[in-house]
Amino acid sequence: MGEIKDSKIVIPSTYRNLPVTKIADYAFRDCSDITEVVCSESLRYIGREAFMGCANLESVNIPNGVTYIGRSAFENCVSLEEIRIPDSVTEIGIALFMNCSGLKTVQLSKNITAIGNYTFSGCTSLESITIPDSVTSIDGSAFACCAGLTEFNISTDILRFNITCIWS
């Protein structure tokens, strides 16, 4: 389903006159030819490991309205340099960007409440991140082995804050 043009994947708003609201679990896992993903505004759900191991993925737009991004959805996407999590997302799951060694820039949702284990672990190019006021917990190892992380801005009282091995 959808349209593939060279290395670009376009997720349509409808398919067979039905709205496309979900990218299934494992949908594009290990598809190394993908460099760009363009999603329609109808998308609400990105499944577990949906793009895991897409080593050449450089660009993905996550549209406003997405409320769920599954565990390890972008793990090992080493060519991904920047990502914006829309304000419709309230929680980012375990290992979401784990080992995305090229990830430099992250814009988190203003409404995110929790950052799960290993979310940014191994993001060695990540230099700075700002944690929004809405965050109430950051699980252990969320930023493990982020050797390039030199600026960590928290503007709120985190209720549970257990980060280990930020710098390795």
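Which residues of strand β14 sit on the covered face, and which on the uncovered one?

I'm working from a predicted model, where local features need pLDDT of at least 70, side-chain atom pairs count only at pLDDT 80 or more, and totals for chains, interfaces and linings use all residues. Numbering starts from 1 along each chain as its sequence is written, and side-chain values use heavy atoms, with hydrogens and water left out.

**β14.** I looked up residues 128-131 and found I129 and I131 on the covered face of β14, with S128 and T130 on the uncovered one. Strands here are DSSP runs of E, at least two residues, numbered from the N terminus. In a regular strand, side chains alternate between the two faces of the sheet. Next I checked the neighbour: β14 runs parallel to β16 (residues 151-154), joined by four bridges. Two strands count as paired if DSSP finds at least two bridges between them. T130 has N153 in β16 as its bridge partner.

**The open sheet.** Then I turned to the three strands in the order β5-β7-β9, which pair in parallel. β5 (22-23) and β9 (68-69) are the edge strands, each pairing on one side only. Between β5 and β7 (residues 45-46) I found two bridges, and K22 stands opposite Y45 in β7.

**S72.** Last stop was the loop between β9 and β10 (82-84), where S72 sits. Is S72 buried or exposed? I noted S72 as buried, because its relative accessible area is 4%; the cut-off is under 20% for buried (1.4 Å probe, protein chains only). Leaving out residues up to four places away in sequence, S72 touches E49, M52, I94, A95 and L96, with contact meaning heavy atoms within 4.5 Å.

Note on methods: Buried means under 20% relative accessible area, exposed over 50%, partly exposed in between (1.4 Å probe, protein chains only).
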